[in-house]
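Here is a short briefing for a first look at this structure. Keep the sequence and the 3D view open while you read.

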Amino acid sequence: MADLNAAAARTGVSAAILTRLVNAEAAKNAQGEWQAESRNASGAVGLTQFMPKTWRAMAERRGSALNAYAQEHDYLDPKGKVKSAKLGDLLALRTDGALSIQTAADYASANLKQLRASGALPSNATDQQAARAIYLAHHDGVVGAIDLVNGEHASLVGKRLDRVFEQNVPKARQQSYLDRAQGSKRDAYALWISDYLNKVMGKSA
């Protein structure tokens, strides 16, 4: 909880929102405890399931906690880019629980601004609504989150749609979601992610 409170104090993203995000992302042991070394077949790792590309981008984003760590440990070149020789070490840091939470808070803060500016998230949104939107942005990018919130799903097309659907929707349930969506893979994916968020965060108010 101390890591969540520290990240909240630094970024302004509430500990309640961050808790919901981690609970949605992290694998859990038999006691229900979050596992810092959570891994997904997609390549996402850690409590907050960062993909390599996004983790690297956060390390290069000035003002972020990960950028400060990367500068302190000589992971960046003079232009502020991650050194090739240090990339493996940087990606391994995704299993550092505190850094994972701090980086997720930085990412969430930036995404919240874009979600609010787009109108996808109202200024008076509850923590639960904000957490759901942040999860969507963390999982599908801001554009994807806006699409999902607005019920458009326009950014999910072609091979990207196939990959997202296959990697996320459990194989045993894919056909049932396709049936519910009358054969539309985009709508089936949207139904699945809504059901998943209802499960881990409760139904949206």
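**Arginine 94 and its surroundings**

The side chain of arginine 94 reaches the backbone oxygen of leucine 91 at 3.0 Å. A polar atom of that arginine 94 side chain also lies 2.9 Å from the backbone oxygen of phenylalanine 50. The model is predicted.

- Arginine 94 sits in the loop between helix H5 (87–92) and helix H6 (97–118).
- Arginine 94 is buried yet has no salt bridge.
- Glutamate 25 is the nearest side chain of opposite charge, and it is 11 Å away.
- Beyond its neighbours within four places in sequence, arginine 94 is in contact with several residues, among them Ala36, Gly43, Val45, Phe50, Trp55 and Ser100.

**The largest nonpolar core**

- This core has 61 residues.
- Trp55, Leu90, Leu115, Tyr135 and Tyr189 touch the most other members.
- Helix H7 (residues 127–150) gives the most to this core, with eleven residues.
- Leaving aside neighbours within four places in sequence, leucine 115 is in contact with Ala120, Leu121, Ala133, Ile134, Ala137, Ala145 and Ile146.

- Most residues other than glycine have a negative phi.
- Aspartate 74 is not a glycine, yet has a positive phi of about 60°.
- Aspartate 74 lies in the loop between helix H4 (65–72) and H5.
- Aspartate 74 is partly exposed, with a relative accessible area of 44%.
- Glutamine 182 also has a positive phi, near 55°.
- The loop between helix H9 (171–180) and helix H10 (185–201) holds glutamine 182.
- Glutamine 182 is exposed, with a relative accessible area of 77%.

Note on methods: Residues numbered from 1 in each chain as written. Predicted model: local features only at pLDDT ≥ 70, side-chain atom pairs only at ≥ 80, totals over all residues. Heavy atoms only, no water. Helix = DSSP H or I, 4+ residues; strand = E, 2+ residues; numbered from the N terminus. Buried < 20%, exposed > 50% of the residue type's maximum accessible area, 1.4 Å probe, protein only. Lys, Arg positive; Asp, Glu negative; His and termini not counted. Salt bridge = Lys/Arg side-chain N within 4 Å of Asp/Glu carboxyl O. Polar contact = N/O pair within 3.5 Å; in protein donor to acceptor, adjacent residues only side chain to side chain. Contact = heavy atoms within 4.5 Å. Core = buried A, V, L, I, M, F, W, Y, C linked by side-chain atoms within 4.5 Å.
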